[in-house]
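Me: I'd like to learn how to read side-chain contacts off a model. Can you walk me through them?

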Amino acid sequence: MRITDIEIKNFRAFPKTYKINLSKSGKNLLVYGENGSGKSSLYLALKYFLESGVDENNGDNKSPAFENYQNIFIQDPGHIKLSLRADRWSKKDTYEWSQRVTGETNDELITEASKSNGFLDYKSLLETHYLHRESESVNLFNLLVKTLLANTVNPLRDRTLAEDWNDIQPPFPRRSARNQIENLEGRVVNFNRELANRLTDLRPKVSEILNKFGYDVLLDLNFQGITYNRDKKTLDNQEILLKVEFFDAELPSHHIFLNEAKLSAIAIAIYLSSILIQPDSTLKILALDDVLIGLDMSNRLPVLDILDEYFSDHQIFLTTYDKVWYEIVKQRTSRGGKWKAVEFYFSQTDAYEVPIYVEDKAYLEKAREHLDTNDYKACAIYVRTAFEAAIKQYCEKKDLAIKYRENPRDLKSEDFWGPIKMETDEAGLPLLDLRIIDAIERVRKFILNELSHATFANIYRKELEDAIEAVEALETALV
C-alpha cells in the first residue's frame, strides 16, 4: 500500500490548497525547501495524519486535533487528505483528517501505520545525546520504552511493550497489601523480561546499521532491570545506558567525547533499527526531516545505501534545506522511476508568508519547456546539465578512472566524457555506439561547451533540438 496523492489545505505553513501527486505507483518523495518554506509542515502533515487515529486514551500517545494546527491567518477550515493504492491497478481510497471529518483515520490501515514510529527529525536525534550533556552517561530508558519500542509486540502473548509498562504504573498497593505487592513484582519481572527481549532484537540491528557509516564504534544497551521499592513505593533503576567503545576503548562519557557526525550516526542507527522491529503493517512510511544536518557529505551517502538495503519496502519521504545534498540525492535516485523530487520556496504577502511548491522535472524536460518558450539560453544550460549529470553518474556506477584534480570543482565534462567514449569491449570495439559519440561531439562544440554560453549570444533552435536528441540518446545508452 502506498500514498499516491497528498492534499493539504490551511495547515500550519500552508494557507491554501496544495496537491502533490506521487503517481499511481506511489513514488518516494525528495523535498528541497528553504527555511520557512513549508517542508517541515509537509512532514508534520503526514505524521499527525497517521497519529490522528490513535486512541486518545492510549497512555502517553494522544491523537492530535486538527484545529490546533490550522493556519492562523486563514479562517476557512482546512484538511489533509491522503489517497492510497495497493498497486497502480487497484482502486484509490482517500482518507481525510480535518475538524469537520472525524473517524476516517481510525481505519485499521492508518492506525497500524502509525505504530511504526517511522518519523524522524533532527529534534528527535537530540534525545539520544544532546539532552544528556549535563550527565555522565546517556540513559535511553524513556526514549526506548515510551516511544521507540512502545508498539513492539511479543507475538506469543500478542501484547505491546507499552501495555506491559502500563501494567506496572501507579497507583501502587498499600505497604501492608502483601499479595498485591507480590503480584506487582511479578508484573515487573515480566516487564523486565519483555524489555530485555526487545533489546536483544534491537542490538544487532543497531550495530549492523552503524557499521554502514564505516566507524570503528561498538554499542551496547545496558539494562539491568527495574525493581519495585516497597518502602518508597517507586520503580527504581529505570535505566538503559548507552555504552560505546571507540577503537576498542570504552568511552564513559562518549556523548561529550565524540564529534557530532558520530553522535548523529549513532542516533540514526538507533532510530532506524527500532523501525525494523516494529509490527508489520500494510502501509509502511519512513519520513526523515533534515536528520542529516549533523553529517558531512561523506557521512550522508551511506544513509542512501541504508535506505536502499533496509527500507526498500517503505515509502520514503526525505526533506532537506541543503540544495547541494538535494541535487546529489536527486541524481542518485533518478534511475528506476521510484522517486519524485519537488522544491519548496516561500513568498510573502502583506499579511503572511506563502509556500511556493514547484515540481522538479528532468533536466531535458526543463530544456524542452524553455525551448517551447524560445528561451534558448536557459534551454542550452539545462541540456548541458543533463549531459554532465548522465556522464558523471555513469563514471561513478562503472568506477571509471577520472583525471585527478586537487579541487573537484575544477573537473570538466571532458574529464568524464573522455573515459566513457574510450571504453571498449573484449574485442577492442567502443562500448558506446559511434553514432551517439559523433552526435555528442557535434553538439559539444557549441551547446555542451560550458564556456560558450557566456560568449555566444546566437543559439539556434535546430542546434538545441539536435543537442536534446543527442543527450537523450546518450542517457538511454548509459542506463
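Predicted model: local features only at pLDDT ≥ 70, side-chain atom pairs only at ≥ 80, totals over all residues.

Me: Let's take one of them. Which residue does E185 meet in a salt bridge?

Reply: E185 pairs with R230 through their side chains, at 2.9 Å from N to O. E185 sits in helix α6 (residues 178-211), while R230 is in the loop between β10 (227-229) and β11 (234-236), so the bridge ties together parts that are 45 residues apart in sequence.

Me: And how accessible are E185 and R230?

Reply: With 23% relative accessibility, E185 counts as partly exposed. R230 is partly exposed too, at 37%. That class runs between the under 20% of buried and the over 50% of exposed.

Me: Where in the chain are D313 and K284, then?

Reply: They form a salt bridge whose closest N and O atoms are 2.9 Å apart. The pair links distant parts of the chain, 29 residues apart: D313 is in the loop between α9 (297-310) and β15 (315-320), and K284 is in the loop between α8 (260-276) and β14 (285-289). D313 is partly exposed, with a relative accessible area of 43%.

Me: What does R332 form a salt bridge with?

Reply: With D305; the closest N and O atoms are 3.1 Å apart. Here two helices are involved: R332 belongs to α10 (residues 323-332) and D305 to α9, 27 residues apart. R332 is partly exposed at 30%, and D305 is partly exposed at 42%.

Me: Which residues are linked in a network of salt bridges?

Reply: R157, R159, D164, D167, E194 and R198.

Me: On to the aromatics. How do I read a ring pair?

Reply: You describe two aromatic rings by the distance of their centres and the angle of their planes. The count here comes to 16 aromatic pairs. For F11 and F66, the ring centres are 5.9 Å apart and the planes are at 40 degrees, so this pair is tilted. F11 lies in strand β1 (residues 2-11) and F66 in the loop between α1 (39-51) and β4 (79-85), which puts them 55 residues apart.

Me: Are F11 and F66 buried or exposed?

Reply: Both F11 and F66 are buried. They also belong to a cluster, where ring pairs link F11, Y48, F66, Y69 and W97.

Terms used. Residues numbered from 1 in each chain as written. Heavy atoms only, no water. Salt bridge = Lys/Arg side-chain N within 4 Å of Asp/Glu carboxyl O. Helix = DSSP H or I, 4+ residues; strand = E, 2+ residues; numbered from the N terminus. Buried < 20%, exposed > 50% of the residue type's maximum accessible area, 1.4 Å probe, protein only. Phe/Tyr/Trp six-rings, centres within 6.5 Å; stacked < 30°, edge-to-face > 60°.
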